[in-house]
Amino acid sequence: MIVLGIETSCDDTSAALFDGQSLISNVISTQLVHRSFGGVVPELASRNHIQLVLPVIKQALNQGGISRKDLQGIAVTYGPGLAGSLLVGLSVAKGMALSLGIPFIGINHLDGHVWANLLDNPRIKVPFVVLIVSGGHTQIVLVKDWGVYKVLGKTRDDAAGEAFDKVGKLLKVGYPGGPAIEKLALEGDPTYIRFPRAFIETGSLDFSFSGLKTSVLNHIRAIGSQNTQSRRCDIAACFQEAVIDVLVEKTVNAAKQVGVHQICLAGGVAVNKALQERMTQRGREENLKVRWPSPGLCMDNGGMIARAGHHYLQQKMSSPLSLSPVPSLNF
Ligand code: KG4
Ligand code: ZN
């Protein structure tokens, strides 16, 4: 069964093909138009998806050497995400499924991020704990079985990626802030200043990152713009250290609390090498195996949607053509 996966929930337009064994293509077009605005502009995102979605699907089919007629199902993200952006992918998926006479299924974007792990690590066995960490989400989820999830903790305010992006703005490194901060941090002194870690109540697996962002802002105001410029690497290193400390300790605690021996990472922030290394090191100390997908499968991509959709379609599940976008969809 060859399934086309379509992802248009935010600022990446992506289409991919999964044949039950592996991804035969995974085309991702990241909309660069938002960079000059310092963040994603919803109206521009949906307009760009309209322009990009058909060429991206065509490219995915061409790369896989597959004709539309070979498709046996279509999977598409229907939430969470930007309403207008979701609508573009969903409308195209419905139209194609109707004209080809094949089933289509709406996929929860967060579910897709979980499945991305299986594409790169087919040996992963349930149950495990996954840290989904991106620009829009930060949550720890227990995967009891594929598609059977329990949210153990989530952010009460900003997502970790959002904090990277906001601090990136304060340090004037452009959008998105995550990759630039990781690069600056390599040259910085992580002991320059200790920013607060929000562990909230003892035992809670929830996160909070807005206080950390405010502490960075207050520090920058206190030392002035010239000193900020010369201390950019140190501030980046100390901020990143504070985020990673909390992400790692909470995820390790979650795995211990529920008694699983594997941790997976998912989402754009999971690309961060310092996070991967620290989670691996703490995992080793606690006898936990830590895995993450390759960078192209951590960020938003159609491959993870095709993978999830293939599983559900094989179980004879599908969505009605009346399915609407659900911007605030959760587990
Ligand atoms: O999963 P994703 O592509 O889109 C969302 O669903 O949000 O994640 C994008 C987020 C952005 O906030 C970006 O700054 C962050 O992932 N990110 C990183 C890194 N690469 C991307 N954060 C920290 N370190 C990185 N290397
Ligand atoms: Zn995402």
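Mentor: A disulfide is a pair of cysteine sulfur atoms within 2.5 Å. This is a predicted model: local features need pLDDT of at least 70 and side-chain atom pairs count only at pLDDT 80 or more, while totals for chains, interfaces and linings use all residues. Residues are numbered from 1 along each chain as its sequence is written, chains are lettered from A and ligands numbered from 1 in the order in which they are written, and side-chain values use heavy atoms, without hydrogens and water.

Trainee: How far is the sulfur of Cys-264 from the closest cysteine sulfur?

Mentor: The closest cysteine sulfur is in Cys-298. The two are too far apart for a bond, because their distance is 11 Å.

Trainee: Is Cys-264 buried or exposed?

Mentor: Buried means under 20% relative accessible area, exposed over 50%, and partly exposed in between (1.4 Å probe, protein chains only). Cys-264 has 0% relative accessibility, so Cys-264 counts as buried.

Trainee: What is the volume of the largest pocket?

Mentor: On a 1 Å grid over the protein atoms alone, a pocket is an open set of points where a 1.4 Å probe fits, with protein on both sides within 12 Å along at least five of seven lines; lining residues have an atom within 4 Å of a point. The volume is the space filled by probe spheres set on the points. For the largest pocket, that is about 1100 Å³.

Trainee: Which domains does the largest pocket lie between?

Mentor: Domain bounds come from an automatic or database assignment. Two domains both give residues to the lining, so the pocket lies between domain 1 (3-113 + 299-314) and domain 2 (125-292).
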